[in-house]
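Dear colleague,

Please find the structure below, handed over for your records. My notes on its charged side chains follow.

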Amino acid sequence: MRTTTVGELRILLPELDPDDLDSVSDLTDDLSDAIIEDASWRGAALDDIRVRGSRITGVDLSESTWEAGAIVGCEITRTDFCGATISGVTIERCAVTGARLTGARFADIRLKDVLFEGCRFDYAILTRVTAAGAVAFVDCVLTDATWSSCRLPDTVLRSCQLARLELDSCHLQGADLRGNSLRDLKTGLGNLRGVTLHEDQLPDLTHLAVQELNLTVRKW
């Protein structure tokens with residue numbers, strides 16, 4: 001295993017040796033130590049699939065449905081989850097890089113030691129997504145996405161695009177939001193309770209407060 005640090009968060013990630021992995025083209029119920037490249041499973045219905053210690057690159061899972069199961073100790077690169085529906089899945093010790101998740105729906109997902117880097121979550125809907133360990137989003141696009149009833153304490157968002165990201169009944173206590181523009185968030189201030197900000201973000205916070213309280217601000 002290897003570790004990476006984002007802000008003050010230490011994330012445990014897999015360290016896979018290609019020589020120890022077998023090339024696979026078909027997705028089985030329990031897949032371990034595999035390399036999966038450029039496969040097309042668009043619109044697939046996946047039920048209780050478990051993937052462990054594997055490298056997934058350039059796979060098309062758009063419009064697929066994945067219910068239950070787990071993804072553990074995997075590297076997922078340039079994979080397409082656009083329009084996918086993923087529910088009841090555990091994702092642990094995974095590095096997800098350059099994935100497209102535009103319009104995807106996630107419900108009842110458990111995350112632990114997961115790094116999303118350079119991923120697109122625009123228009124994605126996350127419902128009851130829970131961080132049970134270290135989770136970070138780095139250089140990700142989250143514009144027009146919705147997070148509802150998510151519990152993501154201590155999560156780090158760094159250099160992400162958050163325009164019109166809607167937060168509803170979320171718990172982000174201890175989350176580190178430094179390095180992002182908050183001005184166009186769609187959220188009540190309660191969703192930001194206990195987060196860490198940089199002093200440069202205070203004008204953004206003031207803007208959100210003025211909107212929430214429907215204040216009228218005039219020059220004297």
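D80 is buried, with a relative accessible area of 17%, where buried means under 20%, exposed over 50% and partly exposed in between (1.4 Å probe, protein chains only). Its partner in a salt bridge is R100, at 3.4 Å from N to O; a salt bridge here is a side-chain nitrogen of Lys or Arg within 4 Å of a carboxyl oxygen of Asp or Glu. The pair links distant parts of the chain, 20 residues apart: D80 sits in the loop between β9 (75–77) and β10 (85–87), and R100 in the loop between β11 (90–97) and β12 (105–107). Strands are DSSP runs (E, at least two residues), numbered from the N terminus. R100 is partly exposed at 43%.

This is a predicted model, in which local features need pLDDT of at least 70 and side-chain atom pairs count only at pLDDT 80 or more, while totals for chains, interfaces and linings use all residues. Residues are numbered from 1 along each chain as its sequence is written, and side-chain values use heavy atoms, without hydrogens and water.

The whole structure holds 10 salt bridges. One of them joins D108 and R128, with the closest N and O atoms 2.7 Å apart. D108 lies in the loop between β12 and β13 (110–117) and R128 in the loop between β14 (125–127) and β15 (130–131), so this pair ties together parts 20 residues apart in sequence. D108 is partly exposed at 39%, and R128 is partly exposed at 41%.

Yours sincerely

Note on methods:
Helices (H or I, at least four residues) and strands (E, at least two) are DSSP runs, numbered from the N terminus.
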